[in-house]
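Please view the sequence and the structure together before reading the points below.

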Amino acid sequence: MNSLAVIVLAAGDGTRMKSARPKVLHQIAHQPMLRHVLDAVAPLRPQRTLVVIGREMAAVAAAAAPAETVVQAPPLGTGHAVKTALAALGEFAGDVLVLVGDAALITTETLASLIAERRRAPQAAVAVLGMRPPDPGAYGRLVLATDGSLEAIIEAREASPGQRAITLCNSGVIVFEGRYAPDLVDAIGNKNAKREYYLTDVVAIARKRGLLCRTIEASAEELLGVNSRPELAVAEATMQQRLRAKHMAAGVTLIDPTTVYFSADTAIGRDTVIEPSVVFGPGVRVGEGVEIRAMSHITGATIGDGAIVGPFARLRPGTELGPRVHVGNFVELKAVRLGEGSKANHLTYIGDAVVGREVNIGAGTITCNYDGFLKHETRIEDGAFIGSNAALVAPVTIGANAIVGAGSVITRDVPADALALGRGEQVEKPGAARALRARGAEAKRQRAKGKERSKV
Ligand code: UD1
Ligand code: CA
């Protein structure tokens, strides 16, 4: 079996992002770019995975875990970063795959084909993943020999006008034959425009030693390097397209796919229908045959089979909907469990609550869960009916099959099967409306007369 070590470069400052946050922690589909890269690498089952990070990048190390991290300080260029990682790796016979942490759309299949290309007889010392982006811009250019092998990589700012016209570019993904890697990388110098150690110089160095270098091409869309906010937005759009395609392929109906936004970890069962303009934050699991209606925003929620959510529903973290639950328009749920068949169809806030099965929660019901200092729990047991516009002041329990009258403010527990009314009592005064109107009309006449007099 061939062995594999992976080095991910993530020590750069990412200055073009204009951000307080390290570049590789910027998110695509609610997941750090670095995590996407590591997820693409994992199925290759490397023996070692080393992430090169900068000083004071504890957050990057945390996002990289369980991969090992190596600190490169100060960051003197991609060649220096790989040298630092190789020192930590020690002697390694096998493939050493180097990736840049800011090309987050890379797929496992593409990485596998690059490794296969290097191993193909006659084996190459170095294989580089190439691409033809619509605008080669600042990417390194791949210079090919007449036999199609790779001769050199020239960084854009070092390139002659003729070299800059080359359309084949360096994606930043390179695989080495491990035995050659330390020697080749040690030979990199920094006599260039940026006074940096360019990893890309290894190709010319290897050629000078008579070693073979090769390149294969993959789609530029997949190999996009994110250096700025506009590029981050392009990467996000590509990832969203992929996620939409993935869910549809797995049996989910998206009525207007381009308006639905997923997180990388969104899980959805088949025969679920998602209407336009729905946003999934991280940590959402949706069952089978669910209907998610337009304009809903869902984060950290689990939705049972056959449930109906929205339109205009907001499910916040800790929401767990049982099977066949209905959550309608302008309903906000947070840290709440709704049992099978329960309904909250209109204009409601329920937070920090446990709701049983077949409960009906009327329009405008609010759980008053926060007293300004602490959060308190509301329990609504099986079969209870909460009338419209009830305020349930937590901590409070509504017993099974109890009924809470509309407009009630409930501050004490309601026993099972009881009817609870917590509102001012109704009074009727026969004929009083007519008398009131007569009095009002008379007062208005008197005032009009007064004004007439003051004019003369
Ligand atoms: C690099 C390549 C370029 C290629 C492009 C692909 C070099 C010299 N250039 O350019 O040929 O077309 O990627 O996207 O390699 N990093 C470190 N330590 C450092 C410097 C950078 O770990 O000292 C990391 C960065 O965090 C980043 C990655 O290496 O994740 C690439 O660095 P970046 O500055 O973005 O390189 P590019 O200029 O994009
Ligand atoms: Ca880059």
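R119 counts as partly exposed, since its relative accessibility is 27%; the classes are buried for under 20% relative accessible area, exposed for over 50% and partly exposed in between, with a 1.4 Å probe and protein chains only. The model is predicted, so local features need pLDDT of at least 70 and side-chain atom pairs count only at pLDDT 80 or more, while totals for chains, interfaces and linings use all residues. Residues are numbered from 1 along each chain as its sequence is written, chains are lettered from A and ligands numbered from 1 in the order in which they are written, and side-chain values use heavy atoms, with hydrogens and water left out.

**Salt bridges**

- R119 pairs with D95 in a salt bridge whose closest N and O atoms are 2.7 Å apart; the term denotes a side-chain nitrogen of Lys or Arg within 4 Å of a carboxyl oxygen of Asp or Glu.
- Because D95 belongs to strand β6 and R119 to helix α4, this pair ties together parts that are 24 residues apart in sequence. Helices (H or I, at least four residues) and strands (E, at least two) are DSSP runs, numbered from the N terminus.
- D95 counts as buried because its relative accessibility is 0%.
- A salt bridge also joins E151 and R207, with 3.6 Å between the closest N and O atoms.
- E151 is in strand β9 (residues 150-154) and R207 in helix α7 (residues 202-208), so this pair ties together parts 56 residues apart in sequence.
- E151 has a relative accessible area of 30% and is therefore partly exposed; R207, at 27% relative accessibility, is partly exposed as well.
- D352 and K334 meet through their side chains in a salt bridge, at 3.0 Å from N to O.
- This pair links distant parts of the chain, with D352 in strand β24 (residues 343-355) and K334 in strand β23 (residues 326-338), 18 residues apart.
- Both D352 and K334 are buried.
- A network of salt bridges links R324, E340, R357 and E358.
- The count of salt bridges comes to 21.

**Calcium site**

- The calcium ion (ligand 2) has D102 (OD) and N227 (OD1) as its protein donors, at 2.4 to 2.5 Å.
- Donors are N, O and S atoms within 2.8 Å of the metal (3.2 Å for Na, K and Ca); water is not among the atoms, so sites may look incomplete.

**Nonpolar surface patch**

- M295, F312, F330 and L347 make a nonpolar surface patch of about 410 Å².
- Patches consist of residues with over 30% relative accessible area and no salt bridge; like charges are joined within 9 Å, and nonpolar side chains (Val, Leu, Ile, Met, Phe, Trp, Tyr) within 5 Å.
- F312 is placed in the loop between β20 (308-309) and β21 (313-315).
- F312 is partly exposed, because its relative accessibility is 39%.

**Two residues and their contacts**

- T299 is located in the loop between β18 (297-298) and β19 (301-303).
- The relative accessible area of T299 is 18%, so this residue is buried.
- Leaving aside residues up to four places away in sequence, T299 touches G281, P282, V284, L315, R316 and P317; contact means heavy atoms within 4.5 Å.
- V409 lies in strand β32 (residues 409-410).
- V409 is partly exposed, because its relative accessibility is 44%.
- With residues up to four places away in sequence again not counted, V409 touches A391, V393 and G422.
- V409 and S3 are 406 residues apart along the chain, and 68 Å separates their C-alpha atoms.

**Whole chain**

- The chain contains 10 helices and 33 strands.
- The radius of gyration of the chain is 32 Å, whereas a compact globule of 456 residues would have one near 23 Å. This radius is taken over C-alpha atoms, and the globule rule is 2.2 Å times the number of residues to the power 0.38.
- Along the principal axes, the C-alpha atoms fill a box of roughly 110 × 70 × 40 Å.
- Of the 456 residues in the chain, 49% are buried.
- Among contacts with a separation of 6 or more, 42% are between residues 24 or more positions apart.
- The chain exposes about 22,100 Å², of which carbon and sulfur atoms supply 54%; accessible areas come from the Shrake-Rupley method with a 1.4 Å probe, and for residues only the protein chains shown count as cover.
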